[in-house]
Each structure stands twice: as structure tokens, then as C-alpha cells.
Amino acid sequence: MTQQHPFLALTDSDREEMLGAIGVGTVDELFRDLPEAVRLGRELRLEPPLSEQEVYAHVAALAERNADASRELSFLGAGIYDHYVPAVVDTILQRGELLTAYTPYQPEMSQGVLQAIFEYQTAICELTGMDVSNASGYDGTSVAADACYVAKHATGRSKVVVTEATNPQVRQVVRTYAAGFGLEIVEVPHRNGTTDPDELERAAVDAAAVIFQQPNFFGCLEPAPDLVARATEAGALPVAHVDLLSLGVLEAPGRYGAALALGEGQAAGNFPSFGGPHYGVLAAREEFIRRMPGRIVGETVDTARERGYVLTLQTREQHIRREKATSNITTNQTLLALGGLVYLTWLGPQGLRELGETCLSLAAYAKQRLAEQAGLECVFAGQTTFKEFAVRVGRNAREVVAAARERGVHPGYALGRDYEGMDDVLLVAITERRTPDEIDRLADVLAEVAG
Amino acid sequence: MKLIYEKSQAGRRASALPRYENLPSPPELPEELRRSEPPRLAEVPEFELVRHFTELSTRNFGVDTGFYPLGSCTMKYNPRINERLAALPGFARLHPLQDEDGAQGALELMWRLQEILAEVTGLHAVSLQPAAGSQGELTGLLLVRAYFAARGEAEQRRTVVIPDTAHGTNPASVTMAGYELTPVRTDARGNIDVDDLRGKVDEHTAALMLTNPSTVGLFDENIEEIERIFHGVGALMYYDGANLNAVCGISRPGDMGFDIVHINLHKTFSQPHGGGGPGGGPVAVRESLEPFLPVPAVVQQDEGRFGLEYDRPQTIGKVRGFTGPFGVFVRSYAFLRMWGPRLREMSEVAVLNANYVLARLKEAYDLPFDRLCMHEFVLSARTLKREHGCTALDVAKRLMDYSFHPPTIYFPLIVPEALMIEPTETEAKETLDAFCDAMLAIVREAGEEPELLKEAPHHRPVKRLDEVRAAKRPVVKYGFEEHPDAKGEPKVAAAEAPKGV
């Protein structure tokens, strides 16, 4: 006899009783609407069920085969960062009432999640200087595609400009979506690590949006206010792709006139987790509120005039507007965004500024230490960087990565994977988790393995 | 309850960051790039932070709290072992750009999950990249575009056919993919109206998007004929996997004739939904569509080695960063390994539970389609509304007083006053009985004391909330000292918007 499955509750006598109430003799009869030809008619070819203990052993053994940041000293970044995630984040995200809830369609059952999203939206607006934030997008790539859809409809134009110094994955996703949106994508090359405002302005003619990243993919600070002004001049919506954790020291994009601000939220409160799940940040100026994709929470009152929170402006959304919706999004990344809110609240305004300053200082120290080594050279000398920078290593960077990893250090991302002529360049990321001693070790190892 | 910002006091903080000695001072930032005013994040000590969010959690309801029969959302138990596994440092702290030889365990897990999903869907190849069901839909339609472009039929194939019972995501995805929508009617038995369909499918048709069983919880009895109609004109068939929980191990989309399927890992395969996400929306396809799948592909190389393949010249590109929401894959993989071939039993019990609740409720509510259902079914509160002025919304709000999460309401759109109920395989008979007792009691209350329904809920942290006011005068963030007074003219929300799915 088959053992009762731990995730089921019905006993044999329950089943008998229920079949009787339905008026059928067997479970098979419940499936009588299925034509014979479309039935499987055999057992699924899957391995036999495992107990919890067995599945733990099996999956934990797979985890053991990965060189994560607890086993290897890692300077990988390129969009996903090893910032510290405090224990309070884990604690809150494991609350079953929040973890196992669906989208808060019924607000009286969901005040916890709704108020948390409202607080998240507030935090994002404070950081970015924007008027409205949605409840999150999938990640830092898809929100850029969302912004293109907003811009297409807001301007009636069919071209989008993206700077080459924007994260390559963001550019790839924008291109994929553009095929469906009917948008042409134009890229503006970088000059010595940043974007030339004149070139950007020429490209922005007739564009719906101009997307740039601050700090950019190379870690360099773009002349963001100038880029925004040039895009605006051309009638294109300026879209800033930002790192939330830079916004304690770097200016809010709303302050220098960006129409939309977006980004990858992972660094603020989520583990790298081999690429997800994370949250995409999407915020905009007031005038775009009714064009925003995704969920938005608003404040209201109940029948006793007490304050409460609901999903709002739903006439933008697919379940009401269907083919005319501002987006097809339903499931977003609420739990991860909640992690972001808990993390940002943990930091507070002082912590956020200190974190930015620590990253700046550590990265400056790393640049200095690396530049001292024979065979290493900072690539975009003269550019101000935040927590990431490019360094030339004198031979193929992928080989350098492999050699350094044999010494227990992952020295960074090989930029040749995305940029022509940069086969010998590494992108090195420094977070507050990398100590000066660890940076010294990076310098020693790179000195050993560089060309 | 106060907002975290209303608990803030300047000078407090929850974090202490490491301070490294003897570092160079940070580089001087150009003034125009320097932050001019600090963001007003809350300033609270750590224990205040924990208490605040703990209190918020007590004002929320999840599957862990109780029965959650939200139709089409498959609110089943989320095993706790999944959480422990996803949090292992070997996964949580693994960088997505780690070299392949440093990520063999992660790649093997993804490859194994792909293999399982291919077997469950009856299709050839899987991409795990899409982040949610709706992104899976868009991915699927972009695959359709690429497929026809490669055959030189891009200009010719302009329309996508969708039944009037479809989730709103389907038509929204059609527009985003640059296609035109062709709606098709539902017949009196709840199947696609095949006569209506025949007149609408021709050489201009690119694809069908279908949920089967449909959103009314019925398996389309004409699926073979539908397959002949679409494949007969060279069009493709897309399966919305929202309702896959009904048919695992019983009938596979590939065997029904579908060419592309998306799977909702947060519905069928137990990724907790987190109050709105994360999710996972892998797509599975027939062999002819594999070349167009997103990159990188996760592949098995020789000798049990696993890698990422980027060189796929016909790919649609990328729809999301890296290889998808990996933590979701860990959870769903563990869940699937704990079921194995017994997935069939999972689906059977889901269908048994739904039919049992249907049998107990169908006399008391209107039943638009009188058939055995699959894993969910749709009732209507039409009679309650006509006789007592109590709507589906009122029934939903009153259910809260019985400590049940309401079903999905006002969806699908073809059923007035719809109540869409999906119990899932998780629930015990006692729970189902208690829910049915509550639903029947509410019908009696509607006759005897309708105000009980109209003024519900009575026992939640808030009374009924005014959704109309929220949309009319949107307040979407805290305004600090300028925050508007919460008091205003109350107006009971009557928006018949779908709530669920």
C-alpha cells in the first residue's frame, strides 16, 4: 500500500465519502471529459519520491558543488553585488503570513503586505526623487523594457536610445522586447568610459526615451544632469538606471530631471542567488502615473474612516484593460521588494550614506593597490568611479580569472564577454564586505597571474 | 497602524557598518553629482524594525494562516524544506556570473528541473528564464514571431486567437508582442465555441492561446478538433499553464497538441507567492521551436558536466537577466522531487477536492456550467444579488469573518457575479466542510440579515476599504509633514473589478 503523502490530508475513507457526495464511483470518473487520445496513459517517467531528509541531502550536495562567495574571495559585480544582508531581512521574509500570501486583491485580508508596499514605494521615491513607484518589476532588465513601453505611448515615437555603457543584459532584454513593441534601438558608444553628451543629443532626435546608467556598467560616473538635459531638449524621456545603494552619496535622478528612474534592487537587501529572484525598481514623475506598469498601492479609508491601503489605479492593468493595458505584468517581486524595504530601513539615511562612502573609499584603495602592481593598469583613468572599476590585466582576462580562481580569488568580470577590444580588461567590484586585507590579497594574486 | 516613517526619530538607526582604518578618503564627487538632500528613510532601532514588520504580518493572511481558495492562483502548502534549501550559501551567495566550473551544482539543478518539466508537459525543450507567467506568455509569443519570421510568414501571420474566458494577461501579452487579438466565444457547455472558431482561424492566424482546463475550471472536450483547426492552417498552439495543477501526470499539453507551454512555478510547483511575487514562468516547446528559445541555454555537456550555451543564432534574445529566478528553481525542484510520479495523485486530489466543494455548494449558488469540474469551478451570486441585493463582493467580504480568504471574484468576465473557487490538493475534508458550511450560512444570512454581508468584514483589522477614493485621489507614498489627513468622505467601493487570478 502506498504511504500517505505528507503534503496531502485526505484519508481513504475521506475519499470514499467525497466521491459519494459527488455521485461518482472513482476518481477516474472525475476526468471523463478528457478524450482518450490526450490522456497520458502511463506513469510519469520521474524518479521515485524523496523524503524531506533525502531531498535535503541531494540538493545540499548540489549546493556544495558551487563556488559561492563564502568559499571563494569574490570581486564579481557587473550588476549583482555581494553586499551584506542583515538577519532581520531573513526573519521578516520568513513570516508565513507574508511569505505565503497571494497578490493583495482583497485588501482587508492583506493590510500587512499593502502597507509594506506603500512604505516601499515611499522609500523608492525618497531615494530616486520621483513621485510614484510601482510595487516592483521582475528585475533590473525588464523594468528598462517597461520604461520603453511607457515612453512609446507617452511620446508616440518609435525609437529608443541606450548608452553602450549601460549593463549589456539590460540592453539585450530591451532589444528582445523591442521586437514586440515595434521599437528601433540605437546605441551610443562610450568615450573613455562615459557617454559624450553631444553624441547622445544627436542620437536622441526623434527618440521616445534615452536610457543611461549611473554609475554606468564600468562603474564610472556619467555626466548625468547633462545627459538628462540633452535628452529632454530632444523631446525624449530621460531614463536613469541607478544603483539604489549609490543614492546616499549620489544625486537623486529626480533632482536632475529624469522622467523615470529604474534599477536592479538586488544589492539592497537580496542575496545574489545565482541571478534571482530579485526586484526591479521602477519610479516616475507624477505625469506618468497612469502609464505605469504593474501594481501600485494607494492610501484610502475604510467605512469607519480609518486609514488603510489598497491596490489602486487598476484601470491601467491587464485584468481590467486587457489588450489595452499598460503592461501584462501580474506577479511581480513583492517579497524581494519587502526585503529591500527592510534593508533600507535597517540602513537608515545615515547608514546609506556611510555605506556609499565606505564603498567609495574601499574602491579607491583597491584602485590604488592594483595600480601599484606591475602589469595592471586602470583603464578609464581620470574618471570618477563608485564601487566598481575596470583594470587592464595584460593578457586575456578570462585566463586571468581562471588562474586567480585556482588561488581562491575570483578577481572580477571579464569585460571582453560584452565589449570588443576589452579582452584584457577586468571589471572589479568592491562592496563593504571586502576588507582592506582581502583587497591586498586581490592585488597580490593579480600581480602573480597578470600578463 | 502607524507607518514606519511615523515611528522615525532623527538619530536612531538599526545598522552598524564596519569601519576600516587607514583608508584613503573617498574621492571628491563633482558637486552636480553629489547628493543634495538625504532621503527620508525611517530612523528606527533594530527591535523597532522587527516589531513593526511583525505587526504588519499579523495584519496579513497567507496559506500558512488558513484556507485560501483563490481561483486560478493554486494556493497550496509551501513546504518549509524549500526555504532551507534556497538559503544554503552554495545557492544564496552564488554569483550568476561565476564561471561554469564554479557553478556545476546550480547548473545541474536547473538542467534536472528542465528535464522534469519537459516530461510533465510532454514537450522537448525548456527555458527557465521568464520571471513569471505573464513573462512566459510574452516569451512564448516572441517565439511564435521568430518561428514565423524564419519561415518567411511574419507579414502574413498577424492574429492571435484567445477565448473570452482568458486571463487578462493573454490579451495584454498579445499587444506587447505586436499581434492583433481575435476573441472567440465560449459555448453553453463552457468549451470554446468551435463554430465561432472555424470562421476566425485562417492563414493569417499565428497562434491560439488557451488555458486548459479553462478559467471556468472545465477541460475543453473539443481539444482534438481545436488542434486540427490550428495546425491545419499552419498556426501554433500556446498553452497557458495557469491551471496545470489539474492535469499533472494525467494529460500533458504536448499530447493535447500544444507547441508552447508556460508553467507557473509559484502555482503548481509551490514557490510561495510572497504577497505578489516572486514567481517563475518557464516555457517548454516542441523541437521545431527550440532554436528560438532565450539564451543562455542550460545544457548537459559530456560526462555529467553542465554549461551555458550562448551561441544560438536564431534566439529571440533575453527576456530577463542571467538564467532566471534561480531561488525559485531550487524550491520547485525540491517540491517535484518529493512528489515524483505521484504528481498524478496531487492533481487527482486537487480535482477531487474541487468537485466535493462544488457538490456541496451548487444547490445554494448559481452554477453557470453544470458539469464535473477540474481543479476549480465558478459559481455565480446572481440570484443573491437579485433577491437580496448581496453581490459576489459582499459574499467575499463576509467570508473573511469566517476566517477564510475569499475566492477570486468577478472573473472570468463571462460569468456575472462570479466566484471562482480552487481548494487545491492541500486541504483536509474538515477544512473543505467548514468552508462549505460558511458559504451556505452566508446564503442564509443574505436572506435574513443582508447587512451582515453588505457591511462585512466585521472582524478584520480594517473595515471595508474604499477603492474608488484611492483611485480618484491617488496617494501612493507617504508625504511626511504634508501627508494628507486620512479622514474624508467615506464611500463604499463598488468597483466590479476582478479580484484574483
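Q: What domains does the assignment give chain B?
A: Domain 1 (1-14 + 40-53), domain 2 (84-341) and domain 3 (344-472). The bounds come from an automatic or database domain assignment. Residues count from 1 along each chain as its sequence is written, and chains are lettered from A in the order written. This is a predicted model, where local features need pLDDT of at least 70, side-chain atom pairs count only at pLDDT 80 or more, and totals for chains, interfaces and linings use all residues.

Q: How far apart are the C-alpha centres of domain 1 and domain 2 of chain B?
A: They lie 43 Å apart.

Q: New topic. How many residues of chain B are in contact with chain A?
A: 186, and they meet 178 residues of chain A. Contact means C-beta atoms, placed from the backbone, within 7 Å.

Q: Which helix of chain B gives the most to that side?
A: Helix H11 (residues 343-361), with 11 residues. Helices are DSSP runs (H or I, at least four residues), numbered from the N terminus.

Q: And which residues meet where H2(A) touches H4(B)?
A: A:Leu62, A:Ala63 and A:Glu64 meet B:Gly105, B:Glu108 and B:Leu109.

Q: Now confidence. What pLDDT does chain B average?
A: 96, and 98% of the residues score at least 70. pLDDT is the predictor's confidence in each residue, from 0 to 100.

Q: Where is it below 50?
A: Over residues 488-494 of chain B. Beyond near neighbours in sequence, that stretch has 16 contacts in the model.

Q: What ipTM does the complex get?
A: The predictor gives an ipTM of 0.98 and a pTM of 0.98.

How values were computed: Contact = placed C-beta atoms within 7 Å. Helix = DSSP H or I, 4+ residues; strand = E, 2+ residues; numbered from the N terminus.
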